[in-house]
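User: I'm new to this one. Can you walk me through it?

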Amino acid sequence: MTAKTDHTKHFISTLPKNIFSGFVVSLIALPLGLGLALASEAPPISGIIAAVVGGIIVAVFGGSNVTIAGPGNGLVIVLLGAITTLGDGDMYQGYLFTLAAIVFSGVLMLLLGFLKMGRLADFFPASAIEGMLAAIGIGILAKQFHIMIGNTSAEGSIITLLGQIPSGFLSLFQQSGTSMFIAAIIGFVSLLIMIFYSKIRNPYFHLIPAPMWILILSIGFSYACLWLNIAYPMEPAFLVTIPDDVLTNLAAPDFSKALQTDFIIAVFAITLIASIESLLSIKAVDKLDPQNRRSNVNKDLKALGLATSISGLLGGLNVVTVIARSSVNVNNGATNRSANFSHAAFLVLFVLLFQAQLRKIPLAALAAILVYTGYKLATPKTFQKVARIGKEQIVIFLATLLTTLFTNLITGISAGILVTFIIHVLINRSFSFFISHSAKPNVLLFKEQDGGNYYVSIKYFCSFLNFYRLKNNLDMIPENENVILDFSLCNFVDHTVMEGLESYSETFAKRGGSVEIIGLDKHGADSTHPFAIRKILPLAKLNPIERYFTKRQDLLKVTANEFKWSYEPKKDTGTKFLGNFIFFRTRQIPYLYNTLLDGEGKYRVFDVEFTEGAFIAREVVKTTVMHLQLDVKIPVFTLDKEGLLDFIYNLAGFKDIDLENHPDFNRRFFLSGENKKEIQSLFNDELILFLESNPYYHVESNGESLLILKKERLLSVKEIKAMIYFGKQFCKLVQNHPVLF
């Protein structure tokens, strides 16, 4: 009861801030809603209906916290294609058929939510999604550029419209119509406002978003003409059309084509793009949430589906989660869904109170906003960003982009998935590698007792095909915990996974936890980008190992600097000294790498790979080891957790040595060696107290040096720092009380 009361008080106390944020978002949503509808060849009011319905329904039933719902950029090309195809030339009739498709699309999204298919976006390669978004941006730009310069009659495919841009410029000087020329001026001025808005430093100017400035100035232009008794130079065809009575003139969907192939394809296309856009946006907005909350994506998907169906029935467009408006919402201090509801309420007020003003908005002004939006989706920086990740990523990106431009979005994204898979097969030179391992469980998760880390081991391969398995495991871990992701048994990791794991790292770091990736230091990459594809290389090709540093290697270098040690990442075949220790006596050690060495050359920490067993029982193990050269001679001994390696040491002829007056130590540790009395003398009260107060480590002495390791796996950088501290303290204690032979 108290918690509920506190929640209510908090909600009320933050309501003014959320209402203000909703108001700011509505200033952006109004012009964008009108513009996105026009770009889809739908009546302008349909975009506002989608924003209003989405804001109310998702605020009440959604599973996110600070997202904003409404019409999205990604649906423009799909809706335009559906209206054009279903209408057979009659755009308004096509719009009515498309409303029916939107209703069905909402039902499908609702079903996806109930089936917990919120992971749908995880099955799409990251570069293919980038290519799809770039194609959407180019499509918006191609159509809206002509409207921005006053040419409302331009028609054709995206490629055709792009090709007509030069002739569109020329027509400005060949046409005698005043409306077209004025529209072009308004369009260019509006575009300049969008481009230079962020460069203006005046804080008062930024109180009003750039799209709203465009509406204010363009509507103000019409009133200026009225006050100066000048005839308004814009014909109605160049202005926004709003029904006389919005509430009683809503369009109704036409379901008469519901069983036709074109209609079914339109439904699936709308559902696919709406789901991807929403899920990606929800994931992105969660990163922005100052309270570090995670959205219930399946609940949000159900709310978006319900809102979409209601919007379609009322004559509105699809409802999706929109990243741009959501980020504005967060930046203005929104804390809960009341901001989404408020933005919808303000839109209703705008439409009811300012219908006359809305009819004075030039289409060219709205088109300029969309031209800038389209450019941002397909900016040259996007191409450069993808190219830096790897050559294969630009191939995937361009394949998706070009296929989408020349066909449609479903074919485009399908081509991106197919090309990605083919490239992965070529990189691994094996088709059967993916087929044989696809159905196998490849993720092992458990919580380690020592240190309490969550350890996740990934085998075989990890790509967009099976990334959902790893994500399912990571989602079960509280985000304030420490996670070790071990890819040492994974032959191939793709770009989608690397990018997705960075997102998890950021989320865990925000909430007091950490995600550290190990086991990728031996994997090759085609670029230095942290999200590049990682492919494990044979030993013969592993030269040099340090060609492309992983994040762990960068942190190891930083750690070496902190201790004033040196760091050498390359492989070192000088491993004979390890054969003097029982742990490595029967194991083959080809080399060690990632070596941290102190200034005197006495202490070193390194990664080592060794094999044990033979033939089908042969197993490759990678671990992190600390070696300490001693200044004095001490007894030969081994120390480990009781019961862990007893069998191995019993075979070597070693027996457990008990220490007098230390029953707890005898119960917890297995101490063995040949010279029992010397060992008992070495393990004095101070050393025993130190061991009982620290985590377990495997410690061996060969008389002249010590070997320390914690687990038969590579250690995280945090664990390496802890091992260095333990090793230095242990070494100091045994050398301060040497045993005389």
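User: Which residues are linked in a network of salt bridges?

Analyst: R294, D475, E479 and R511 are linked in that network. A salt bridge here is a side-chain nitrogen of Lys or Arg within 4 Å of a carboxyl oxygen of Asp or Glu. Keep in mind that this is a predicted model: local features need pLDDT of at least 70, side-chain atom pairs count only at pLDDT 80 or more, and totals for chains, interfaces and linings use all residues. Residues are numbered from 1 along each chain as its sequence is written, and side-chain values use heavy atoms, with hydrogens and water left out.

User: What is the N to O distance between R294 and E479?

Analyst: It is 1.8 Å. The pair links distant parts of the chain, 185 residues apart. R294 is in the loop between α10 (261-288) and α11 (297-313). E479 is in the loop between α20 (467-475) and β6 (482-486). Helices (H or I, at least four residues) and strands (E, at least two) are DSSP runs, numbered from the N terminus.

User: Is E479 buried or exposed?

Analyst: E479 is buried, at 10% relative accessibility. R294 is partly exposed, at 37%. Buried means under 20% relative accessible area, exposed means over 50%, and partly exposed is in between (1.4 Å probe, protein chains only).

User: And how far apart are the closest N and O atoms of R511 and E479?

Analyst: They are 2.0 Å apart. R511 sits in the loop between α21 (495-510) and β8 (514-518), and this pair is 32 residues apart.

User: How many salt bridges does a search of the whole structure find?

Analyst: It finds 18. One of them joins E609 and K522, with 2.8 Å between the closest N and O atoms. E609 lies in strand β13 (residues 603-612) and K522 in the loop between β8 and β9 (523-524), so the pair ties together parts 87 residues apart in sequence. Both E609 and K522 are buried.

User: Why can side chains like that pair at all?

Analyst: Side chains of opposite charge can pair when their charged atoms come close.

User: New topic. How many aromatic pairs are there?

Analyst: The structure holds 31. Rings of Phe, Tyr and Trp (its six-membered ring) pair if their centres lie within 6.5 Å; planes under 30 degrees apart count as stacked, over 60 as edge-to-face and the rest as tilted. F205 and W213 are a stacked pair, 5.0 Å centre to centre with 10° between the planes.

User: Why does the pair of Y697 and F726 count as stacked?

Analyst: Their planes are at 25°, so the pair is stacked, and the ring centres are 4.3 Å apart. Y697 is in the loop between α26 (685-692) and β17 (698-701), while F726 is in helix α27 (residues 717-736). That puts them 29 residues apart. Y697 is buried, with a relative accessible area of 5%. F726 is buried too, with 2%.

User: Which charged end sits over the ring of Y697?

Analyst: That of K710, 4.6 Å from the ring centre. The rule is NZ of Lys or CZ of Arg within 6 Å of the ring centre and within 35 degrees of the ring normal. K360 also lies over a ring face, that of Y223, at 5.6 Å from the centre.

User: Which residues form one aromatic cluster?

Analyst: F421, F431, F433, F434, F461 and F492 do.

User: What about cysteines? How many disulfides are there?

Analyst: The count comes to zero. A disulfide would be a pair of cysteine sulfur atoms within 2.5 Å. For C462, the nearest cysteine sulfur is that of C490, 5.7 Å away. C462 is buried, with a relative accessible area of 1%. C225 is also buried, at 6%.

User: Which helix gives the most to the lining of the second largest pocket?

Analyst: α3, with eight residues. In all, 41 residues line that pocket, and the closest to its centre are I77, L80, G81, A82 and T84. A pocket is found on a 1 Å grid over the protein atoms alone: an open set of points where a 1.4 Å probe fits, with protein on both sides within 12 Å along at least five of seven lines, and lining residues have an atom within 4 Å of a point.

User: And the overall chain: how many helices and strands?

Analyst: There are 27 helices and 18 strands. Of the 741 residues, 56% count as buried.
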